[in-house]
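Opening the notebook on this one. I'll jot down what I look up as I go.

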Amino acid sequence: MMKHHYIALSLTALTLLLAGCNNKSPYSCKGVCAAIGGEPMYLVGYGSYVNGLNYDKDSGVALKTIESSRYRYVQEVTDLYLSVGDVFQIIPEEGEYIIENYNTDSEAFVGNNVTLYNDNQVDILKSGYYNIKVTYDGDTKEQWVDITFGKDTTDNLNPEVVTTPITIDFFANGDQHGVLEETQYNSETLPSMPEYVSFIYEQIENCEGSSILLSNGDLWQGTYESNFNYGALLNEIINEVGYVSFTLGNHEWDWGEEVIRENKSHSQVPYLAANVVYRDTEEIVNYAQPYTIVEKDGLKIGIIGVIGKGQITSITSTMVDDIEFLYEEDAIIEYSDRLRTEFGCDLVIASMHAGTSDERSTMRDLSKVSDVSGKPYVDAAFTAHDHKATYGTMSGLAYANSGDNNQNLSHISLTYDSGEVTYNTIENLSTSEVSETYIEDIRTRELIDTYCDDEIKNKGNEIVGSIDSTFSDTKEAPNMLAQAMYEYVTSSGYSIDVAICNEARAKLYKGDVTYRNLLDAYPFFNKTIIMEVTGIELSTVAKSNYYYSPDSSLSINATYSDTYTIAICDYLAFHTGTNRAYDNFFASSDPFVIKGELEKYPCDIVYDYIKGKGGSLLASDYVGSNFSFLS
């Protein structure tokens, strides 16, 4: 039997498991099996907190039915290996209900080797072989689960205490934004992903002891090669490279929750999101977990992943209507105490998709000693989101941020000695010369070539047109998109006053412009919304973004009584604040007077626009009063 075949719930199994839930916890359905007569039971989980794979009931572990004179039905699996931190539930074949009651008198519970989580979900506290038995009472059909020791558990369940100093090297990166090929970044040439992976491997090989590799989020979204497959390629690469965790960043939600679930179903890397919960239940989203536990050189290392609470406002609100980001500090403190006291973690690391400067007060608090565990909440923190490469200590807490787009690899080395933790190295390893000195990792290049066939490459390399000078991401590039939106909407039969968009993601450099360049500058899959708004709303929103009208003498009365028809990207149209109230268009009791919706993405709007202009554009055409008359 393969290790871990019973852990990590795929989308299919999760859908089955959640059917019939009617109380607060999505993992806590009270009831009895809909068809108790020897129906197979399956051991599944919504995510191993250590190193589980993604399995549904069809590929998980089925419990076998055995005869019993005492109970109506008994089903069991014996000598099943479970790792510390693994999480599972037991569901019937139809998936309508999970087990109603657990028998907490079993030897395993008494021995503190397992614990209940969300009423009827089990955490494994110690690695070893287990026997799991499900019983049904004859008349009432009540169900219980017994969990007892299996074979050869002595050594696994009583590990030796680490008495010699152990050093662990942590490596991390974030905000890679789909970069797969060599990229011009200001005056630098940043490495391709195969070159970057070779660099990672070399740093790991240079370590004298064990190493752990983390991703701090915003991995999938941002380039042509990654966007067209919705991050699946990057998802497969981090599986191959050996990342132990992936903290979800705000841009992982750009394509909605279903894309995250789909990618998770093909990932062996745990997705972390300790403070991302469903709004109606406040339970963690079912495609992520709060932490993972890694065992290295006799040490248990807990890794908690969080995202900045305010980043909910950086996602198109329609993609995250049903979820909430809680305070990241509260989540780290809660799970740190649990990791230290229940799981006996020797080290706790925070993997934060949150900017370093934004988290100064949080990191000061995380460096304090917990009243519960008697140890610091975390021993090191990796940050991301603000794209600013930095590292150092804050109130004695080691931290590092790798910047973005494969610029660096963050490295923090910690030594554990008799309960005391010290840092040896805190640094960002620069990749400025990697593209010139490193041979590409063969497997990573094979994966890219598998996803990006000749047809895909030819589309990306297509020269759309040329520009006479660089288009700034905060001037000419968004202004051009605004004008392209205006012409696209009016050619689609709508009459509008102004088209509005937000800033571009990257510059368009002088010379030939390819389709790949356009997607780098306009990577988001936004819709165009045609809506009626008040003058005060239009004036406020347009001034803080980018806009175009062919009539630069258009007079906008900044009042609540005058209305105008505009075209605007859905991110701005439906934007909400951290309190989830709409904060761009809100004047009337029904804030949205929607007149239409167009599906073409910004990149393709600009593509068609440039083609329509004959392919040769001047930067001077995208400045002036048509783009500034509201200022």
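I'm calling it a contact when heavy atoms are within 4.5 Å. This is a predicted model, so I note that local features need pLDDT of at least 70, side-chain atom pairs count only at pLDDT 80 or more, and totals for chains, interfaces and linings use all residues. Residues are numbered from 1 along each chain as its sequence is written, and side-chain values use heavy atoms, with hydrogens and water left out.

**Entry: Gln203**

I looked up what Gln203 touches, skipping residues up to four places away in sequence: Phe171, Leu409, Leu429 and Tyr438. Gln203 sits in helix α4, residues 193-205 (helices are DSSP runs of H or I, at least four residues, numbered from the N terminus). Is Gln203 buried or exposed? Its relative accessibility is 13%, so Gln203 counts as buried (under 20% relative accessible area; exposed is over 50%, partly exposed in between, with a 1.4 Å probe and protein chains only).

**Entry: α4 and α11**

Next I checked α4 against helix α11, residues 442-451: their axes come within 8 Å and cross at roughly 155 degrees. That makes the two helices roughly antiparallel (over 145 degrees; axes are lines fitted to C-alpha atoms over the stretch in contact, with angles from 0 to 180 degrees between N-to-C directions). The crossing is right-handed, meaning the near helix is turned clockwise from the far one by less than a right angle. On the α4 side I find Met193, Pro194 and Val197, meeting Thr444, Arg445 and Ile448 of α11. By class, that contact has 4 nonpolar, 1 polar and 1 charged residues (Ala, Val, Leu, Ile, Met, Phe, Trp, Tyr, Cys and Pro count as nonpolar, Asp, Glu, Lys and Arg as charged, the others, Gly among them, as polar).

**Entry: α6 and α11**

Helix α6, residues 232-241, also meets α11, with axes within 10 Å and crossing at roughly 160 degrees. I log this pair as roughly antiparallel and the crossing as right-handed. Ala232, Leu233, Glu236, Ile237 and Glu240 of α6 meet Arg443, Thr444, Leu447, Ile448 and Tyr451 of α11. I get 6 nonpolar, 1 polar and 3 charged residues here.

**Entry: the core**

Which residues touch the most other members of the largest nonpolar core? I get Trp253, Ile323, Met480, Leu518 and Tyr522, out of 111 residues (a core is a set of buried Ala, Val, Leu, Ile, Met, Phe, Trp, Tyr and Cys residues joined through side-chain atoms within 4.5 Å). Helix α13, residues 476-491, gives the largest share of this core, 9 residues. Beyond four places in sequence, Ile323 has contacts including Trp253, Val276, Tyr287 and Arg580.

Terms used:
Angles under 35 degrees count as roughly parallel, over 145 as roughly antiparallel, 65 to 115 as roughly perpendicular and the rest as oblique.
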